[in-house]
Amino acid sequence: MFKSGLIARAAAGVATALMSGVAMAEEARSQYNLPKGVTEISREVYWLHNAVLIVMCVIAVLVFGAMLYSIIAHRRSKHPKPADFHESTTVEIIWTIIPFFVLIGLAIPAAGTLIKMEDTRNSELTVKVTGFQWGWKYEYVGEDYEFVSMLAADSNKARQLDSGIDPKSVPNYLWEVTNPLVLPVGKKVRFLITAQDVIHAWWVHDLAVKKDAIPGYINEAWTKIDEPGTFRGVCAELCGRDHGFMPIVVQALPETEFKTWLAQKKGIDVASLGKAPPVTQEVPVTTTTETAASPAEAAAAPVEVAAATPAAAPAAAKALSKEELMTSGKKVYDTQCAACHQATGLGLPPNFPSLVGSKIVNGPALAHIVHTIKGQGLMPPFGSLSDADIAGAVTYERNSWGNKASVVQPSEVAAARK
Ligand SMILES: [Cu+2]
């Protein structure tokens with residue numbers, strides 16, 4: 001019953017439509033397609049996605065085309081007496097074998113990519129990623145360095161009900177964080193992904209990494225970024241009220257810059273890496289805290305404050321007045337502590353407890369200092385801050401929001417480190 005001329009014309013039409021469809025998809029890629037990304041795996045995923053989409057479209061056009069053709073060409077008004085043929089072994093074999101080969105043809109490259117994605121062997125750096133309500137904690141395993149990454153202060157302010165701030169005026173609104181995850185370019189980085197409270201998912205589109213973060217489990221993933229840049233992602237598992245407010249930012253740096261960054265963060269003398277030491281290393285601690293930027297600016301760039309090292313012990317030995325400690329302490333608190341414990345001190349329970357009336361804050365000074373230096377649970381250690389910075393922040397916490405406890409001097413912090 002098929003007319004070969006009609007089929008040939010239909011096939012030509014389908015081919016033309018597909019080709020123009022692919023061309024359109026190429027043009028509109030940035031808006032409507034997956035990003036190509038910046039890793040070998042992300043490019044493979046992109047290619048697979050496009051290939052499967054095209055195969056799907058061809059099958060859909062052929063199947064629905066045949067259906068539509070049959071419905072119209074064999075309609076009742078033209079053929080009042082229906083044909084009564086039944087079974088055709090040839091046709092049945094064809095429509096079994098063709099899909100079989102289509103599936104095999106798709107499964108082979110897809111399985112290859114999937115196996116590569118799971119192969120975390122021979123990684124050169126391991127980062128443990130812990131999701132929590134609502135942010136991410138990153139630990140550079142074996143490097144003894146960790147930090148918490150939360151929604152950036154300006155986005156956080158603008159998102160509040162009746163904030164009066166136009167989100168369009170905030171750069172990278174809801175896509176910016178307090179501390180980005182910094183990774184080296186061209187190195188295989190393994191991620192160990194877990195969660196503190198509920199299930200989250202760590203998803204960075206340009207790296208083609210998307211893994212569930214499950215409490216009590218550690219999932220593995222890896223990436224090897226080809227080019228320096230900033231890549232943004234989000235939590236991809238509906239995890240509660242602020243699920244939409246825990247973005248991810250990955251900053252890829254060339255290897256030498258990454259090493260310098262990590263050393264600075266750890267308070268190691270960068271000169272030993274063959275680089276000129278940053279200015280902040282030479283500046284006495286008291287000046288460093290005084291020159292700290294406004295809370296909003298500093299929250300976006302806490303690097304400078306964190307770079308103040310314990311090396312400035314002579315300045316720390318001097319006893320400071322309560323006013324001096326409170327003023328410098330507020331700056332340290334706003335840049336280092338407020339993202340989690342909030343400017344009001346009320347925290348974000350249960351992960352970040354309130355400091356108002358807190359037992360640790362109102363208890364013995366030594367325990368409070370040690371807690372700050374060593375961290376606990378989600379709270380990273382702040383031992384890389386100077387004695388004066390820690391004394392200021394601790395004093396500020398002990399004497400704000402109705403708390404009334406002792407003033408802490410830098411010398412007490414120095415003693416607590418021993
Ligand atoms: Cu989440």
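This briefing describes the aromatic ring pairs, the charges over rings and the copper site of the structure above. The model is a predicted one, and its aromatic pairs come to a count of 15. A copper ion is held by four donor atoms in a tetrahedral site.

**Aromatic pairs**

- A pair of aromatic rings is described by two values, the distance of the centres and the angle of the planes.
- Tyr 145 and Trp 261 form an edge-to-face pair, with 6.0 Å from centre to centre and 80 degrees between the planes; the pair counts as edge-to-face because an angle over 60 degrees falls in that class.
- This pair links distant parts of the chain, since Tyr 145 belongs to strand S3 (residues 145-149) while Trp 261 belongs to helix H6 (residues 255-266), and the two residues are 116 residues apart.
- Tyr 145 and Trp 261 are both buried.
- The pair of Tyr 333 and Trp 401 is tilted, because the ring centres are 5.2 Å apart and the planes stand at 55 degrees.
- Tyr 333 is found in helix H11 (residues 322-341), whereas Trp 401 is found in the loop between helix H14 (387-398) and helix H15 (410-417), so this pair ties together parts that are 68 residues apart in sequence.
- Tyr 333 has a relative accessibility of 0% and therefore counts as buried, whereas Trp 401, at 23% relative accessibility, counts as partly exposed; the cut-off that matters here is 20%, because buried means under that value.
- Tyr 145 and Trp 261 also belong to a cluster linked by ring pairs, together with Tyr 138, Tyr 140, Phe 147 and Phe 258.

**Charges over rings**

- Arg 159 places its charged end over the ring of Phe 245, at 4.0 Å from the centre of that ring.
- Lys 188 lies over the face of Trp 222, and the distance to the ring centre is 4.3 Å.

**The copper site**

- The copper ion is coordinated by ND1 of His 200, SG of Cys 235, SG of Cys 239 and SD of Met 246, at distances of 2.0 to 2.6 Å.
- The angles among the four donor atoms run from 95 to 128 degrees, and the site counts as tetrahedral because all angles lie between 85 and 135 degrees.
- Along the sequence, the donor residues of the copper ion follow the spacing H-x34-C-x3-C-x6-M.

Definitions and conventions: Residues numbered from 1 in each chain as written. Predicted model: local features only at pLDDT ≥ 70, side-chain atom pairs only at ≥ 80, totals over all residues. Heavy atoms only, no water. Phe/Tyr/Trp six-rings, centres within 6.5 Å; stacked < 30°, edge-to-face > 60°. Helix = DSSP H or I, 4+ residues; strand = E, 2+ residues; numbered from the N terminus. Buried < 20%, exposed > 50% of the residue type's maximum accessible area, 1.4 Å probe, protein only. Lys NZ or Arg CZ within 6 Å of the ring centre and 35° of its normal. Donors = N, O, S within 2.8 Å, 3.2 Å for Na, K, Ca; no water. Tetrahedral: all angles 85-135°; square planar, octahedral: opposite > 155°, others 65-115°.
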